[in-house]
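Biologist: Please take me through the helix packing and the sheet of this model, one point at a time. I would like the criteria along with the values.

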Amino acid sequence: MGNVDYAYSCSGMNVESAPRVAVPPPQPFFKSLKYSLKETFFPDDPLRRFKNQPASKKLVLGLQYFFPIFEWAPQYTLQFLKSDLIAGITIASLAIPQGISYAKLANLPPILGLYSSFIPPLIYAMMGSSRDLAVGTVAVGSLLMGSMLGSEVNPNQNPTLYLHLAFTATFFAGVLQASLGLFRLGFIVDFLSHATIVGFMGGAATVVCLQQLKAILGLEHFTHAADLISVLRSVFTQIHEWRWESAVLGVCFIFFLLVTRFFSKRQPRFFWVSAMAPLTSVILGSLLVYSTHAEKHGVQVIGELKKGLNPASLTDLVFVSPYMTTAIKTGLVVGIIALAEGIAVGRSFAMFKNYHIDGNKEMIAIGTMNIVGSFTSCYLTTGPFSRSAVNYNAGCKTAVSNIVMSIAVMVTLLCLTPLFHYTPLVVLSAIIVSAMLGLIDYEAAIHLWKIDKFDFVVCMSAYFGVVFGSVEIGLVIAVALSLLRILLFIARPRTFVLGNIPNSVIYRNVEQYPNANHVPGILILEIDAPIYFANASYLRERISRWIDEEEDRIKAAGETSLQYVIMDMTAVGNIDTSGISMLEEVKKTADRRGLQLVLVNPGSEVMKKLNKSKFHVDIGQKFIYLTVAEAVGACNFMMNSCKPSQRKDEPEGWNNV
């Protein structure tokens with residue numbers, strides 16, 4: 001069967017000793033605990049740079065860790081400034097109309113969209129580690145905040161309270177985000193799988209587009225619900241209120257924006273055409289309304305935007321019942337979504353440019369800018385994909401592009417806000433629709449269907465949950481299904497029957513390699529996951545079934561009766577007390593059936609616990625091997641050379657094998 005040659009003895013004399021699986025040397029409890037905590041929360045070892053450094057150097061390194069601008073600013077060049085200046089002005093042309101549009105989406109005053117594109121980018125430029133992330137408001141976060149706060153407080157009947165709750169929710173979102181970074185808990189965000197995000201973003205984008213029918217059709221009254229049925233009911237019960245002027249204007253601007261995007265994708269060097277299109281739409285729409293007095297014919301406009309920089313809002317935060325609970329709940333949900341989007345976008349562009357960003361530092365930066373933003377009349381901000389893509393394509397070199405964008409927004413706030421008076425709301429809706437259509441990634445959904453059907457189900461569940469339920473329902477469904485999949489991976493680990501590849505000492509899954517041969521009298525199983533309380537019962541039952549199926553196969557084929565069960569534990573990274581109890585039960589079952597259990601290559605953690613539980617004494621050190629080939633060789637030798645009683649009674653001669 002291609003087994004290696006080892007010398008075995010049944011009488012206590014062995015010609016050649018085979019290496020045995022070692023038990024790790026005992027470690028002090030606190031040293032072991034320290035190692036486990038470090039591997040869990042500090043896998044990147046952020047304190048490594050501080051070792052053996054003088055106090056002054058540690059202070060500098062600490063400042064550079066929390067404020068990366070101190071690290072790259074000394075190497076900043078004039079050439080970098082030219083690139084960042086172009087990128088900053090380009091994204092400002094996109095940020096201004098998008099900021100106003102997304103604020104309306106959150107049922108907030110349009111000026112807050114400009115406020116939120118002024119202070120937060122300055123904070124991120126100092127604390128962020130991404131060179132390409134362009135900070136600002138996002139459509140999905142705006143919709144989610146508007147939906148959750150709007151279900152508790154009507155923004156039209158009580159606009160002041162609603163505004164203060166938006167600031168408070170932003171504060172709690174920032175606290176959550178910064179805390180996750182400070183306490184190294186960023187892995188929580190990883191529970192939002194790629195399939196979950198694709199479905200959730202697509203559903204949210206669909207809902208956002210449907211919500212824009214209010215402005216496109218010129219409707220005065222519209223549902224606050226975000227589900228498809230409510231929106232369509234609201235639209236088609238007001239057919240007599242539709243304004244054709246507004247609809248024609250909206251369709252024309254959506255067409256214009258989509259054409260410019262298509263052109264920029266086909267001709268990447270003209271990326272600025274798509275980037276400038278939203279601001280161009282605002283200018284053209286404002287001129288059209290002003291010259292034709294369309295506001296008197298059903299075309300709604302923004303109205304007056306007050307001049308001036310962000311007023312302080314620290315005293316506006318709401319920390320009283322019952323509204324504080326609403327603010328906390330909203331902040332936690334939108335904070336997680338914004339964090340997941342910002343980090344995913346930052347990592348994507350860092351991969352394109354071949355540099356590394358620290359996820360925990362990003363969380364601290366995003367959280368800090370939202371905390372400071374909540375004190376300065378800003379609402380939720382993160383790194384949206386559309387704006388960051390423009391920043392990347394514009395050739396940005398550092399986060400200075402965010403500073404340039406912030407200065408451009410500052411100039412707008414101080415001098416140019418009166419120019420937005422005649423900006424039609426339908427143009428803002430067109431900007432939102434064109435941006436949201438890019439988030440409906442049907443190609444990714446098709447890819448999920450081809451690769452993994454369960455991921456596709458998660459994706460579509462999130463999508464339909466958002467579209468037919470609400471943003472919160474879709475998010476809960478998606479996360480629940482993702483967690484269910486994790487639990488299924490843990491609770492139902494894969495086990496395989498291994499066979500010998502002809503003319504080799506390699507043993508592989510017989511289903512994957514049909515030419516792999518079963519070893520007569522030996523059943524070789526591989527367990528492909530750690531053994532915990534959640535899967536111990538399943539593994540015990542599955543192993544018993546494998547034994548039954550193997551005995552039935554042997555009986556049908558007329559082969560040598562089953563005598564050994566070899567369990568390859570190479571992939572078993574850890575085991576708990578329930579897992580050890582399972583192994584003890586499997587051994588007892590094997591003994592009752594006249595079979596011998598053999599273990600192969602238990603890992604260090606597994607071997608440590610087997611040693612402490614004395615299971616390795618119960619099974620016998622001679623029945624624990626380093627490789628499957630060694631175990632098969634020993635079992636074949638015993639079947640061919642040793643008496644059955646000797647195999648069952650564990651003779652002393654096996655102690656050195």
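Biologist: At what angle do helix 9 and helix 18 pack, and how are they oriented to each other?
Modeller: This is a predicted model, numbered from 1 along each chain as its sequence is written. Local features need pLDDT of at least 70, side-chain atom pairs count only at pLDDT 80 or more, totals for chains, interfaces and linings use all residues, and side-chain values use heavy atoms, with hydrogens and water left out. Helix 9 (residues 194–211) and helix 18 (residues 425–437) have axes 9 Å apart and an angle of about 160 degrees, where axes are lines fitted to C-alpha atoms, for helices over the stretch in contact, and angles run from 0 to 180 degrees between N-to-C directions. Angles under 35 degrees count as roughly parallel, over 145 as roughly antiparallel, 65 to 115 as roughly perpendicular and the rest as oblique, so the pair is roughly antiparallel.

Biologist: Which residue class makes up the contact of helix 9 with helix 18?
Modeller: Ala205, Val208 and Cys209 of helix 9 meet Ile432, Val433, Met436 and Leu437 of helix 18, contact being heavy atoms within 4.5 Å. Ala, Val, Leu, Ile, Met, Phe, Trp, Tyr, Cys and Pro count as nonpolar, Asp, Glu, Lys and Arg as charged, and the others, Gly among them, as polar. With no polar and no charged residues, the 7 are nonpolar.

Biologist: How far apart are the axes of helix 4 and helix 13?
Modeller: Helices here are DSSP runs of H or I with at least four residues, strands are E runs with at least two, and both are numbered from the N terminus. Helix 4 (residues 78–105) and helix 13 (residues 271–292) pack at about 40 degrees, with a distance between axes of 8 Å.

Biologist: How many polar residues are in the contact of helix 4 with helix 13?
Modeller: Helix 4 contributes Thr90, Ser93, Leu94 and Pro97, and helix 13 contributes Phe271, Ala275, Met276, Pro278, Leu279 and Val282. By class, no residue is charged and 8 are nonpolar, which leaves the polar count at 2.

Biologist: Why is helix 6 largely enclosed, and which helices do its buried residues pack against?
Modeller: Buried means under 20% relative accessible area, exposed over 50%, partly exposed in between (1.4 Å probe, protein chains only). In helix 6 (residues 119–127), 7 of the 9 residues are buried, so the rest of the structure largely encloses this helix. Those residues are Ile119, Pro120, Pro121, Ile123, Tyr124, Ala125 and Met127. They pack against helix 2 (55–66), helix 3 (69–72), helix 5 (111–115), helix 15 (359–375) and helix 17 (400–416).

Biologist: Is Gln64 buried or exposed?
Modeller: Gln64 lies in helix 2. Leaving aside neighbours within four places in sequence, Gln64 contacts Arg49, Phe70, Glu71 and Lys361. At 16% relative accessibility, Gln64 counts as buried.

Biologist: Which strands are at the edges of the sheet?
Modeller: The sheet is open, with 6 strands in the order 2-1-3-4-5-6 and mixed pairing; two strands pair if DSSP finds at least two bridges between them. Each edge strand pairs on one side only, and these are strand 2 (507–509) and strand 6 (624–625).

Biologist: Which residue stands opposite Glu526?
Modeller: Strand 3 (residues 522–527) and strand 4 pair in the parallel sense over 5 bridges. In strand 4 (residues 564–568), 5 of the 5 residues are buried. Tyr564, Ile566 and Asp568 point one way from strand 4, and Val565 and Met567 the other way. The residue of strand 4 opposite Glu526 is Asp568.
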